[in-house]
Amino acid sequence: MAKEATMKYVIAFKPRYGGSAAENEASAARLLEMFNKWTPSSDTTFHQFVLRVDGEGGFAVTEGDDPATGAREIAKFSPLLEYTVYPVLDVAEAAGLAAEAVEWRKSIT
């Protein structure tokens with residue numbers, strides 16, 4: 001049986017501030033309104049969804065097999081939030097790959 005192509009991502013997000021205090025406050029209210037109506041796609045697993053204690057954004061750890069699903073969800077909030085998306089591996093898997101790379105480099109003389 002072939003392994004299903006699933007990828008984990010850490011998604012960092014922060015508010016797109018840039019207006020007056022009143023405009024920023026209205027954006028924050030709109031974001032909360034939208035978030036309260038939003039349901040994550042069933043194609044994506046959210047392992048963690050956390051906010052920074054300084055109020056400057058947050059992080060989500062997600063897993064899914066279709067990058068378009070993530071792009072679709074990000075597009076919904078992109079007028080109000082800036083995103084950085086990091087594809088990631090579990091430490092055990094990454095360490096195994098790093099060990100293979102070390103062995104490959106050692107083999108070159």
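This is a predicted model: local features need pLDDT of at least 70, side-chain atom pairs count only at pLDDT 80 or more; totals for chains, interfaces and linings use all residues.
Modeller: Residues are numbered from 1 along each chain as its sequence is written, and side-chain values use heavy atoms, with hydrogens and water left out.

Biologist: What volume does the largest pocket have?

Modeller: A pocket is an open set of points on a 1 Å grid over the protein atoms alone, where a 1.4 Å probe fits, with protein on both sides within 12 Å along at least five of seven lines. Points are joined across faces, edges and corners, and the volume is the space filled by probe spheres set on them. For the largest pocket that comes to about 830 Å³.

Biologist: Which residues lie nearest the centre of the largest pocket?

Modeller: Lining residues have an atom within 4 Å of a point. The lining has 39 residues, and those nearest the centre are Phe13, Phe35, Phe49, Leu81 and Tyr83.

Biologist: Which element gives the most to that lining?

Modeller: Helices (H or I, at least four residues) and strands (E, at least two) are DSSP runs, numbered from the N terminus. Elements giving two or more residues include strand S1 (7–15), helix H1 (21–37) and helix H2 (67–77). The most, seven residues, comes from H2.

Biologist: Why is the pair of Trp38 and Phe77 called edge-to-face?

Modeller: Rings of Phe, Tyr and Trp (its six-membered ring) pair if their centres lie within 6.5 Å; planes under 30 degrees apart count as stacked, over 60 as edge-to-face and the rest as tilted. The centres of Trp38 and Phe77 are 5.7 Å apart, and the pair is edge-to-face because the planes stand at 90 degrees.

Biologist: How many residues apart in sequence are the parts this pair ties together?

Modeller: Trp38 sits in the loop between H1 and S2, and Phe77 in helix H2. The pair therefore ties together parts whose separation in sequence is 39 residues.

Biologist: Is Asn24 buried or exposed?

Modeller: Buried means under 20% relative accessible area, exposed over 50%, and partly exposed in between (1.4 Å probe, protein chains only). Asn24 lies in helix H1. Its relative accessibility is 18%, so Asn24 counts as buried.

Biologist: Which residues is Asn24 in contact with, leaving aside its neighbours within four places in sequence?

Modeller: Contact means heavy atoms within 4.5 Å. With those neighbours left aside, the contacts of Asn24 are Tyr17, Gly18 and Gly19.
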